[in-house]
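Subject: Structure handover

Hello,

Please find the structure below, followed by notes on what was found in it.

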Amino acid sequence: MATVLLVSEDEILLNTRAAVVRTTGASTVCSLTTSALTVLAEQGCDLVILCHSVPDYVCTTLAEIIRCQWPGTRILRLAAGSAWEEDDSVAVCSADPESLVQRTVELLGRRGPQRVPPAASDAAFRERFYR
């Protein structure tokens, strides 16, 4: 089973995004920015997702360190706008649940979930993941 490390400055976002990522069949590990590299060293994750709540300069630094220390680990940056551009080492996608699931599946090289969580309604999203 693939393991995904989600990194954020916001614990609520971490838990919500982890629930979305688990629909792909991956296991998730959540970390605040300050402990992300320690968690990655301990867990050996296949994919690191950097939330849009993490400042750009921190994302850049984390991505550089991850590329050097764990070159086989893929990196996905969730962007609130179009400020980040995808390159050979960092993938970028919107923070909406459908995009997150799709890019996670692509980066892990797996089949997607049976049902992609709805992005149209916050109420429907909360109902699905917080029963």
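In what follows, pLDDT is the predictor's confidence in each residue, on a scale from 0 to 100. Helices (H or I, at least four residues) and strands (E, at least two) are DSSP runs, numbered from the N terminus.

This is a predicted model, so local features are reported at a pLDDT of at least 70 and side-chain atom pairs at 80 or more, while totals for chains, interfaces and linings use all residues. Residues are numbered from 1 along each chain as its sequence is written, and side-chain values use heavy atoms, without hydrogens and water.

Confidence
The average pLDDT of the protein is 82, and 77% of the residues score at least 70. By element, the mean is highest in strand β3 (residues 47-50), at 96, and lowest in helix α5 (residues 122-129), at 46. Residues 111-126 have a pLDDT below 50; this stretch has 28 contacts in the model beyond near neighbours in sequence. A contact means heavy atoms within 4.5 Å.

Overall layout
The protein has five helices and five strands, in the order β-α-β-α-β-α-β-β-α-α from the N terminus. Of its 131 residues, 45% are buried (buried is under 20% relative accessible area, exposed over 50%, partly exposed in between, with a 1.4 Å probe and protein chains only). Among contacts between residues at least 6 apart in sequence, 60% join residues at least 24 apart.

Helix α3
Helix α3 (residues 56-69) has 14 residues and spans 20 Å from first to last C-alpha, close to the 20 Å expected at 1.5 Å a residue (the expected span is 1.5 Å times one less than the number of residues). Its buried residues are Val58, Cys59, Leu62, Ala63 and Ile66. They lie on the same side of α3 because they cover an arc of only 130° around the axis, the arc being that of the directions from the helix axis to the C-beta atoms. These buried residues pack against β1 (3-8), α2 (36-43), β3 and β4 (74-79). Exposed Tyr57 and Cys68 are on the face of α3 turned away from the buried side.

Cavity
For cavities, a 1 Å grid was laid over the protein atoms alone; a cavity is a set of points where a 1.4 Å probe fits but cannot get out, and lining residues have an atom within 4 Å of a point. Grid points are joined across faces, edges and corners, and a volume is the space filled by probe spheres set on the points. There is one cavity of 30 Å³ or more. The largest cavity has a volume of about 40 Å³ and is lined by Leu6, Val7, Ser8, Leu13, Leu14, Arg17, Cys51 and Leu78. Both β1 and α1 (11-22) supply at least two residues each to this lining.

Individual residues
Ser8, in strand β1, is buried at a relative accessible area of 1%. Leaving out residues up to four places away in sequence, Ser8 touches Leu13, Leu14, Ser31, Leu32, Thr33, Cys51, Ser53 and Val54.

Asp46 is in the loop between α2 and β3 and is partly exposed, with a relative accessible area of 34%. Asp46 and Trp70 are 24 residues apart in sequence and 9.5 Å apart in space, C-alpha to C-alpha.

Cys93 belongs to strand β5 (residues 91-94) and is buried, at 8% relative accessibility. Beyond four places in sequence, its contacts include Leu76, Leu78 and Arg103.

Regards

Note on methods:
On a 1 Å grid over the protein atoms alone, a cavity is a set of points where a 1.4 Å probe fits but cannot get out, and a pocket is an open set with protein on both sides within 12 Å along at least five of seven lines; lining residues have an atom within 4 Å of a point.
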